[in-house]
Amino acid sequence: MASGDPGTSVHFRLQIDGIDLGDWNTCDGLGCEVEVEQYEEGGNNEFVWQLPSRLKYSNVTLSRPLTRDTAKVSSYLAQLPRGVRRGTAQIAALRPDLALLVQWGLADVVLVRWSGPSFDPNRSEVASESIELAYHGFLEVG
């Protein structure tokens, strides 16, 4: 694979507080937005001021078919009733040869949703799971 490969065939590895939750085949919602307040200045008819106010982070959702790594998530979920606390997470985008493409560190992470598979004998679908994380910012990854 060439070093200039744009990462067209990627999977993602998730760790929360150093706990490996395995590989995931989709990652959606990773991002941030600067909210802008508009201010109309009296006597200025040329433009409206666009003033940056706060950062807003969207929840990130990872999903995959059920694998042996599903047991890692089950163990993590079993710990949640003892207390939900904010932690850190790392999402690594990996190439098919497991070479690291890029990694994001997330601050103040809370697992807000896990969805398990739906089993319906009338439909032939892959059993899958998804995990949704809320966070308050990015960390520098070394």
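Visitor: Why is D69 called buried?

Guide: This is a predicted model. In it, D69 has a relative accessibility of 19%. Buried means under 20%, so D69 counts as buried.

Visitor: What makes K72 partly exposed?

Guide: K72 has 31% relative accessibility.

Visitor: Where does D20 stand in the strand pairing?

Guide: D20 is in strand 2, opposite Q15. Strand 2 spans residues 19-24 and runs antiparallel to strand 1.

Visitor: Why are strand 1 and strand 2 said to pair?

Guide: Four bridges join them. Pairing needs at least two bridges, so strand 1 and strand 2 pair. They form a hairpin with two residues between them. D17 in the turn has a positive phi of about 50 degrees.

Visitor: What makes strand 7 a partner of strand 1?

Guide: Six bridges join strand 1 (residues 11-16) to strand 7 (residues 87-94). At least two are needed, so these strands pair as well. They run antiparallel. F12 stands opposite A93 in strand 7, and its bridge partner in strand 2 is W24.

Visitor: How many salt bridges does the structure hold?

Guide: It holds seven. One of them joins the side chains of R64 and E129, at 2.8 Å from N to O. R64 lies in strand 6 (residues 60-65) and E129 in strand 9, so the pair ties together parts that are 65 residues apart in sequence.

Visitor: Are R64 and E129 buried or exposed?

Guide: R64 is at 3% relative accessibility. E129 is at 1%. The cut-off is under 20%, so R64 counts as buried, and E129 does too.

Visitor: What makes E132 and R113 a salt bridge?

Guide: The closest N and O atoms are 2.5 Å apart. The limit is 4 Å, so the pair qualifies. E132 is in strand 9 and R113 in strand 8 (residues 100-115), 19 residues apart. E132 is buried at 14%, whereas R113 is partly exposed at 47%.

Visitor: Why is S130 called buried?

Guide: Its relative accessible area is 18%. Buried means under 20%, so S130 is buried. S130 is in strand 9 (residues 128-134). Beyond its neighbours within four places in sequence, S130 contacts several residues, including W24, R113 and W114.

Visitor: How do you know that there are zero disulfides?

Guide: A search of the whole structure finds zero. The sulfur of C27 is 14 Å from the closest cysteine sulfur, in C32. A disulfide needs sulfur atoms within 2.5 Å, so C27 and C32 are too far for a bond.

Visitor: What makes C32 partly exposed?

Guide: C32 has 47% relative accessibility. Exposed means over 50% and buried means under 20%, so C32 counts as partly exposed. C32 is found in strand 4 (residues 32-39). Leaving aside its neighbours within four places in sequence, C32 contacts K56, Y57 and F138.

Visitor: Which residues form the nonpolar patch on the surface?

Guide: They are Y39, F47, W49 and L51, with about 400 Å² of accessible area together. W49 is in strand 5 (residues 49-57). W49 has 37% relative accessibility. Patch residues need over 30%, so W49 passes that cut-off.

Notes. Residues numbered from 1 in each chain as written. Predicted model: local features only at pLDDT ≥ 70, side-chain atom pairs only at ≥ 80, totals over all residues. Heavy atoms only, no water. Buried < 20%, exposed > 50% of the residue type's maximum accessible area, 1.4 Å probe, protein only. Contact = heavy atoms within 4.5 Å. Patch = residues over 30% accessible without salt bridge, like charges linked within 9 Å, V, L, I, M, F, W, Y side chains within 5 Å. Areas by Shrake-Rupley, 256 points an atom, 1.4 Å probe, with all protein chains shown as cover.
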